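I opened my notebook today to look at how two chains meet. Here is what I looked up, entry by entry.

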Amino acid sequence: MSQDKMDYFINLIDDFLDGKLNKEKEMEIRQAIKEDPLLQKVVKQQVQARANIRVAGEAELRTKFANSFDPIAVQTKSKPRLIKVLLPILFLFGLAILAYYFYTKSTPPIKRLPPIASVEAGENLTILATVEDPSYDLLRSEKDSEIAENWQNAVQAFIAKKYETSLTILLPLSNDSLFIADHFGKYTLMKGVANLKLERFAKAKENLIAISPENPYYDQAIWYLALSDYYAGNSAEAKTQLEAIVNNKTHYKKRLAQKYLVTIKK
Amino acid sequence: MHKPSKYTDDQLIAGMKSGGKDFENISTYMFHAYKGFLPKIKNKLHLSQQQMQDAYADSLVKLIRHIKNGSFRKESKVSSYFYTIFYNTCVDVSRKNASNKNILTLELLEYDARERDLLKMIDNKEEAAQVVRLIHTLGNTCQRILMDWGYYGYSMDEIAERSNLSNAESARSMKYKCLKKLKKLINTKMDSL
């Protein structure tokens, strides 16, 4: 076979390897290979050389692809888990703070007046002014919004020891039968104590005696009734009232009543 | 690696076969275009990220080979065809639990279908054998010229430019000499076996 013929077949082999050869030319190669042992050797060399080139090219391209990926990030183990746990907790905590903030902003706390100072310690029992007023907690109501504004104002004046003002404010409430029916005990107690402090003892007794034993303010009424007699100079009546208190094991002024009794006996 | 615009399947195939700059652009395009398969198959087979990336690179090389030598017959979309190659490669890796990184799979070292066809026309002895690799014993210039011609499909003008040769004729002459040298090495090796 001539060199030209050999080169011709080598080109056909290259085209075959590149998938560019048609069926007719492929048959021509097959026939030539069968007939020429030298061509068989040349084809074998060419295939092996081209396989070498292809494998080297594929290896190079494969390396290029492999190097084109971004570096694989090294993952840490513990921190993401900690964050996973902490984040929801912090989020819920934040929500709770926000909820508390808006709740307290929209519903301001019920304004409580300062407690009335106790005069029991080192008290001078002969001075009416030292007598402790009823606790504001007794006078206020959880249903403040339902209570007449006048009542609120009367309580404020009473706490400020402006008893006359308090009685003046309470006056129109006496016409509110519904209010009186619901708040008779505290309403009458406040009037009685105010009159006591204003040394209107008869008026005070009239108010306080109206509070029946079934009324929750009865213990208060009995106490201030006794004091009304005491400061009015009605020692006998005061003694009777105070002894009843001392003999009542559950009365909240039992100890102080005992002290008053001592002064009466003297 | 620059991410190029989209190609149709016909453009991909034509560009791969024509070689040269088109081959370079399209291979880059394919690298980015099919990355979406990585997490999909990773979730199925639970391979490491490194194993997935190695399998992806191998699979792209196989796809390019099949397109170049005509094994891909357009019976499916190129992307679907690639998915099949990629999935099968990953299954192979999973079975072998391959721990070696950046090492070519055996398939990439074997004769391809076209080469085997020609070898069968001569005799059957080489059918299953791996390619006896000798090209790396040539100098870098010869390797570059032979790969640019025989694998990437650059024209002689482009090869001359890439290898700092004076012109296409010089490139053609160099390619002839390098190929002859390679064949001589192969002959010597084969005779010694």
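**Entry 1: where the chains touch**

I began with contact, meaning heavy atoms within 4.5 Å, and found 39 residues of chain A in contact with 57 residues of chain B. I noted that this is a predicted model, in which local features need pLDDT of at least 70 and side-chain atom pairs count only at pLDDT 80 or more, while totals for chains, interfaces and linings use all residues. For my bookkeeping, residues are numbered from 1 along each chain as its sequence is written, chains are lettered from A and ligands numbered from 1 in the order in which they are written, and side-chain values use heavy atoms, with hydrogens and water left out.

The size of an interface is often given as the accessible area lost when the parts come together. Buried area is defined as the accessible area (1.4 Å probe) that two parts lose on being put together, summed over both. Between chain A and chain B I wrote down about 4500 Å², with carbon and sulfur atoms giving 66% of that area. On the chain A side, A:Arg62, A:Phe65 and A:Phe69 lose the most area to chain B, and together they make up 17% of what that side buries.

**Entry 2: polar links across the interface**

Next I looked up polar contacts (a pair of N or O atoms within 3.5 Å; within protein, one must be able to donate a hydrogen and the other to accept it, and residues adjacent in sequence count only if both atoms are side-chain atoms). I found 12 residue pairs in polar contact between chain A and chain B, with both residues at pLDDT 80 or more. Which elements give two or more residues to the side of chain A that touches chain B? They are helix H1 (3-17), helix H2 (23-35) and helix H3 (37-67) of chain A; helices (H or I, at least four residues) and strands (E, at least two) are DSSP runs, numbered from the N terminus. H3(A) brings the largest share, 24 residues.

I also sorted this side by class and got 19 nonpolar, 8 polar and 12 charged residues. In this scheme Ala, Val, Leu, Ile, Met, Phe, Trp, Tyr, Cys and Pro count as nonpolar, Asp, Glu, Lys and Arg as charged, and the others, Gly among them, as polar.

**Entry 3: salt bridges**

A salt bridge is a side-chain nitrogen of Lys or Arg within 4 Å of a carboxyl oxygen of Asp or Glu. I counted 19 salt bridges over all chains, and 5 between chain A and chain B. One of them joins A:Arg62 to B:Asp58, at 2.4 Å from N to O.

I then turned to B:Arg65 and A:Glu58, which form a salt bridge with their closest N and O atoms 2.8 Å apart. This pair crosses between chains, from helix H4 of chain B to helix H3 of chain A. Are B:Arg65 and A:Glu58 buried or exposed? Both are buried, where buried means under 20% relative accessible area, exposed over 50% and partly exposed in between (1.4 Å probe, protein chains only).

In chain B, the side chains of B:Lys74 and B:Asp10 meet in a salt bridge at 3.7 Å, N to O. B:Lys74 sits in the loop between H4 and helix H5 (78-96), B:Asp10 in helix H1 (residues 9-18) of chain B, 64 residues apart. I marked B:Lys74 as exposed because its relative accessibility is 53%, and B:Asp10 is exposed at 51%.

**Entry 4: aromatic rings**

Rings of Phe, Tyr and Trp (its six-membered ring) pair if their centres lie within 6.5 Å; planes under 30 degrees apart count as stacked, over 60 as edge-to-face and the rest as tilted. I found 25 aromatic pairs over all chains. A:Tyr230 and A:Tyr260 are edge-to-face, 4.7 Å centre to centre with 90 degrees between the planes. A:Tyr230 lies in helix H10 (residues 218-232) and A:Tyr260 in helix H12 (residues 254-265) of chain A. A:Tyr230 is buried at 16%, and A:Tyr260 is buried at 2%.
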